[in-house]
Amino acid sequence: MSRLPTEMQTGRMGRLSRLPAFFALEGKRAVVAGGGQAATWKTELLSAAGAAVDVFAPVPGEDMRALAAVPPGGAVIVHERAWRAADLAGAAIAVAECADNDDAAHFAAAARAAGVPVNVIDRPAFCDFAFGAIVNRSPLVIGISTDGAAPVFGQAIRAKIEALIPKGFARWADAARTWRPRVQALALSFRGRRNVWEKFAERAVAEPNSTPTESDFAALLTLDEAAQAGSVILVGAGPGDPELLTLRAMRALQSADVILFDHLVSAEILDFARREAKKMLVGKTGHAPSCKQDDINMLMVSLAKAGRRVVRLKGGDPMIFGRADEEIAACRAAGIAVEVVPGVTAAQAAAGRLKVSLTRRDEARRVQYITGHGRDGELPSDIDWKSLADPAVTTVVYMPVKTLPPLVAKACAAGLDPATPAVAVAHATRAEEHTIAGRIADLPALVAAEAPSGPVVVMIGRVFADHAKKAAGAALPIAAIRQA
């Protein structure tokens, strides 16, 4: 059974309580009504953004007078009188500090009648926009809003972001503004231009406190043909929990033009990709219609040849039963640059959730991974049954559900103690994670009775004795197994 690769439509934006937007106020006029501390702070923000601010206050505070004397940007002119409707004509933005709702309603109505967006401080019912908390690395500016629900929480988040973003990013953002027209003037392909800015971001992150120079700009333009050509990155998505993604995997997702993903990749993982990236389901599904590997290879190569940066996103680790070798070979044969970003494989994830060391001292000398089915979907004929029967080994079986009964029967016939503890873990690390534990001889029936859906791994070995014992509600003859 086969199917063609399917493009997945990018999910719609979730509900927003506020639309984040940034006003361009350089050289424009702003109106502030009020002369208290809150009005002074908003006046400072408006001036810092380049606005010429007219402040109307019958009795302006000393802080407002001091600000007017030395504004951070645009001029601040204090008019010692109450505001009038005519004062709002031609303003780009209007802010008021009001004593009560009646004053707030009057100011908001006058501003809207003049076609001016309005904010009444601490009175959201009369506001067209909110200021929020600000992280300033101008021209890199980050605004944070809680829609008035928890301003202190917004401030706490701002403090966290302040600590994470070096102040030197302001210099790099300013350099980007200066260099962008020069990059646009170059005869670069779309991929080439994107490569320039990806290199820029890498350099800024690596040297955030240095001052960008012409030599930095020249280094960005040292693009060879491979840099402008397409490429393929095989990325391990891990078992499902997005917090287990590596930093390198996240960077790959955020730089991808096209993402070819498997069924086992969770939707939460895809949320880390940039929204403009095309996302195509090409996964293989056990015992159900699946994309042919040759079709996946052909699509991957053709996209890369067209200059796209392709991320081949695989559940778990791409190098563990992920057919990565076939895809790498296809890329190499076509002259396509290919790299691999490892991921957390299902065995590691399941062991971590169970809090069991797969190599516990005195109980396991080694770990082995085997697949539960071969090319034909049946139990592989070349399994080393003697190795699987070794009591000092921990065995992890991938894709085992259909072939688990014959696998267990053959392993026990080869010498595996039927009382050996075993655990089946479905959907490891996900919300629907489920564990089935018991003796290996009983596990096929236990798994069949519960019929878990989705990805499953079976782990066999005496390191799982406590889990099997707990599931059985009685002690297993583990001592005898250890003596074997």
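Is Met-399 buried, exposed or partly exposed? Met-399 is partly exposed, with a relative accessible area of 36%; buried means under 20%, exposed over 50%, and partly exposed in between, using a 1.4 Å probe and protein chains only. Before going on, note that this is a predicted model, where local features need pLDDT of at least 70, side-chain atom pairs count only at pLDDT 80 or more, and totals for chains, interfaces and linings use all residues. Residues are numbered from 1 along each chain as its sequence is written, and side-chain values use heavy atoms, leaving out hydrogens and water.

To find Met-399, look in the loop between β15 (393–398) and α15 (404–413). Helices (H or I, at least four residues) and strands (E, at least two) are DSSP runs, numbered from the N terminus.

Now follow β15 to its partner. Four bridges join β15 to β18, and the two run antiparallel; strands pair if DSSP finds at least two bridges between them. Val-396, for one, has Met-459 in β18 as its bridge partner. Strand β16 (residues 421–426) also runs antiparallel to β18, joined by five bridges, with Ala-422 partnered to Ile-460.

What about β18 itself (residues 456–460)? Five of its five residues are buried. Val-456, Val-458 and Ile-460 point one way, while Val-457 and Met-459 point the other way.

Last stop: the cysteines. The structure holds zero disulfides, a disulfide being a pair of cysteine sulfur atoms within 2.5 Å. Cys-331 is in no disulfide either, as the nearest cysteine sulfur, that of Cys-291, is 16 Å away.
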